Amino acid sequence: DNLLYAPSLPIVAQQYIGNANPQQSYISPVYGDFTGVSPILIQVAEGEILLSDSVRVFEKVKQVNGIIT
């Protein structure tokens, strides 16, 4: 992944979330409720660190019949 460096992710993540609960949807959309969501576009490449998270979001949107463009 050219943008995110795996060894530094825990440090960067902690700086980003501070004392917040990492399982809040405003921290990570993986934990969001996509019921009634407007159409969304998910862009991710095969070699990206966030590929698995993107796939999880895609599956959650599909479960509530959301539109993915």
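Predicted model: local features only at pLDDT ≥ 70, side-chain atom pairs only at ≥ 80, totals over all residues.
View 1. Residues are numbered from 1 along each chain as its sequence is written, and side-chain values use heavy atoms, with hydrogens and water left out. The place of I27 is the loop between helix 1 and helix 2. Helices (H or I, at least four residues) and strands (E, at least two) are DSSP runs, numbered from the N terminus. Setting aside residues up to four places away in sequence, I27 touches Y16, I17, A20, N21 and P22; contact here means heavy atoms within 4.5 Å. A13 sits 14 residues from I27 along the chain, and their C-alpha atoms are separated by 9.6 Å.

**View 2. The whole chain, for orientation.** The chain has 69 residues, of which 13% count as buried. Among contacts with a separation of 6 or more, 50% come from residues 24 or more positions apart.

**View 3. The largest pocket and its lining.** Rolling a probe the size of a water molecule over the atoms shows where empty space is left. The largest pocket holds about 570 Å³ of space. Its lining has 20 residues, and the closest to the pocket centre are I27, S28, P29, L50 and D53. On a 1 Å grid over the protein atoms alone, a pocket is an open set of points where a 1.4 Å probe fits, with protein on both sides within 12 Å along at least five of seven lines; lining residues have an atom within 4 Å of a point. Grid points are joined across faces, edges and corners, and the volume is the space filled by probe spheres set on the points. Helix 1 (9–17) and helix 2 (51–63) each give at least two residues to this lining, and helix 1 supplies the largest share, with five residues. Sorted by class, the lining has 14 nonpolar, three polar and three charged residues. Nonpolar covers Ala, Val, Leu, Ile, Met, Phe, Trp, Tyr, Cys and Pro, charged covers Asp, Glu, Lys and Arg, and the others, Gly among them, are polar.

View 4. S28 is found in the loop between helix 1 and helix 2, and its relative accessibility of 15% is why it counts as buried. From S28 to D53 is 25 residues in sequence and 8.9 Å in space, C-alpha to C-alpha. S54 belongs to helix 2 and is buried, with a relative accessible area of 15%. Beyond its neighbours within four places in sequence, S54 is in contact with I42 and V44.

**View 5. L4, ahead of helix 1.** L4 lies in the segment before helix 1. Its relative accessible area is 26%, so L4 is partly exposed. Apart from residues up to four places away in sequence, L4 touches L9, I49 and L50. Between L4 and Q63 there are 59 residues in sequence and 29 Å in space, C-alpha to C-alpha.

**View 6. N65, after helix 2.** N65 is found in the segment after helix 2, and its relative accessibility of 70% means that N65 counts as exposed. The phi of N65 is near 60°, a positive value in a residue other than glycine.

Technical notes. Buried < 20%, exposed > 50% of the residue type's maximum accessible area, 1.4 Å probe, protein only.
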